[in-house]
Amino acid sequence: MSLLIDAKPSVLSSNVSEDVLNKDILWKIENDLSIDEKISILFLMITDYQHSFREICDLLQNYKNHKVYILTEFINKHPENWKSKLLESICIIQNRQIIRKLGISFEDLDLLYLPKNGSCSRYLNLIAKSLYLLCEALSEDKIKLLMQYVRTDLTVYEEYLKDVDFLELHMLYWMQVNYISIYPDGKAKLKNLLKHLKIFKDLEHIYEDLEKYENHQNVLDTQRTNSTNISQIQTFSMREEESVLSDVEGEDIRKLNNGLCIIISQMRFSGQQFETRFGTVADRMKLSETFQRFGFTIEVFNDLTKDEILTTLENIPKDFGTDYDCIFVCILSHGCKGGIISADEKEVSIEAIEHKFCCIKLKDVIKVVIIQACQGKVTGQINDDEISHLVTDGPLNCEVSSILPYKNFCIFMSTMQGFISVRHKEEGSWFIQEFCNILQNGGNKITFLKAIRKTIQSVMKKKGKLNGTNSIAQLPELKTCRLLMDFQLPDYRADI
């Protein structure tokens, strides 16, 4: 049998853009793009849709007069998260030549970004993506007809656009004059456009998506303390979670006999950067109650510093023994991208947590990390009807001689990388409360991986109100799964 190296996984990590993009190759990318594609990418990457019309017009004029690199100019002016936005945009416009030159499989990007799905987006404005897909779906004759309809509604029209064919640029003008609108909080005003789209056939799916945004039914996620950024819903595809879960589903299910649950609850922080996490007590109690009813030994730690967190994890075999089928470590705190915040307001990376937990003495024990914490700064919105009082949860030398300790390990997080995680000040967090409810209601019948799937599906349906933003939503993530088989918790006792 021939052997191959696994240089490119079948499903890319969400930060693949960091590996393949840099400003030194931007001009090479631009050279492979037509002006139509550049305008489309600019349209997708914009964040302030109400005030970007003139800026894009000026960039287009500079391109016509001086052949400047307009993407580079735009990115230099708006550098935030440009790599991820650009790569997703290139995937959406289906420029396979550039993707191939970047050394990435288009099939992998297709799984990561779902470019033709108007209901999913990772880094871009979801409503803008749907509008772009509308531009692509309209034939030249239908575009001209739509333009005629819109011009009948607008008594004055921008002279500069007289000979401009880019429908995206016209849409930006419509937003500038408030004919249609995409607001920073995730709402949209598309009624004027929708009334004209009704006459076009074969646009039912796009029309339904845009109508949904007009009615403010879109779903969103959020992140870290005192974050003021607000973005549209970016409902991430569950394909990655499904592919991970399916790897171990269908195998023998292990029935556990005993377990240890360590809860690290961070409520108060030493500095001024992170607010007190009211509601963490409710989560801590819910976890304690749930795992106690499954016969687990419960150990609770409050407000640990970075050193204390890592030392606690490292000393699990010494302090609590190794005679367990399973050990859960549940961390409730503010977060940062790729990590959590300690009581002394230091970042503790998930990688460091994994290295300390996965020691050789626990190699045969199932090890599960549950993290309730933000993982980014994206904030979002859905439905105005239901309101909850929510708040956000806003490098190490680790030498390991054997890879075996890393087997039978799993990390389940309250939110995806880059997004916030919400918490009710009295009732606790959606993620922890729902996860525990599903375990308790499942009793002795539900397996751990089925509980994960049900938690993801349940949490993403929730909505609430956060800091004046109407309707927040959240999507948990199975970040790491190296479980050799699914398992059931010990017998459940409701009478405890």
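In which handedness of crossing, left-handed or right-handed, does α9 pass α13? In this predicted model, where residues are numbered from 1 along each chain as its sequence is written, local features need pLDDT of at least 70 and side-chain atom pairs count only at pLDDT 80 or more, while totals for chains, interfaces and linings use all residues. Side-chain values use heavy atoms, with hydrogens and water left out.

**The helix pair**

- The axes of helix α9 (residues 126–137) and helix α13 (residues 204–214) come within 10 Å and cross at roughly 150°, axes being lines fitted to C-alpha atoms, for helices over the stretch in contact, with angles from 0 to 180 degrees between N-to-C directions.
- That angle makes α9 roughly antiparallel to α13, a term used for angles over 145 degrees.
- α9 passes α13 in a left-handed crossing, meaning that the near helix is turned anticlockwise from the far one by less than a right angle.
- The contact (heavy atoms within 4.5 Å) involves residues including Leu-126, Ile-127 and Ser-130 of α9 and Ile-206, Asp-209 and Tyr-213 of α13.
- Across this contact of α9 with α13, the residues divide into nine nonpolar, one polar and one charged, where Ala, Val, Leu, Ile, Met, Phe, Trp, Tyr, Cys and Pro count as nonpolar, Asp, Glu, Lys and Arg as charged, and the others, Gly among them, as polar.

**The sheet and its helix**

- Three strands form an open sheet in the order β7-β8-β9 with antiparallel pairing, helices (H or I, at least four residues) and strands (E, at least two) being DSSP runs numbered from the N terminus.
- β8 (residues 339–341) and β9 pair over three bridges, pairing requiring at least two DSSP bridges, and Gly-339 has Ser-349 of β9 as its bridge partner.
- Helix α18 (residues 350–357) packs on the sheet, touching β8 and β9, and its direction makes about 60° with that of β9.

Technical notes: Parallel < 35°, antiparallel > 145°, perpendicular 65-115°, else oblique.
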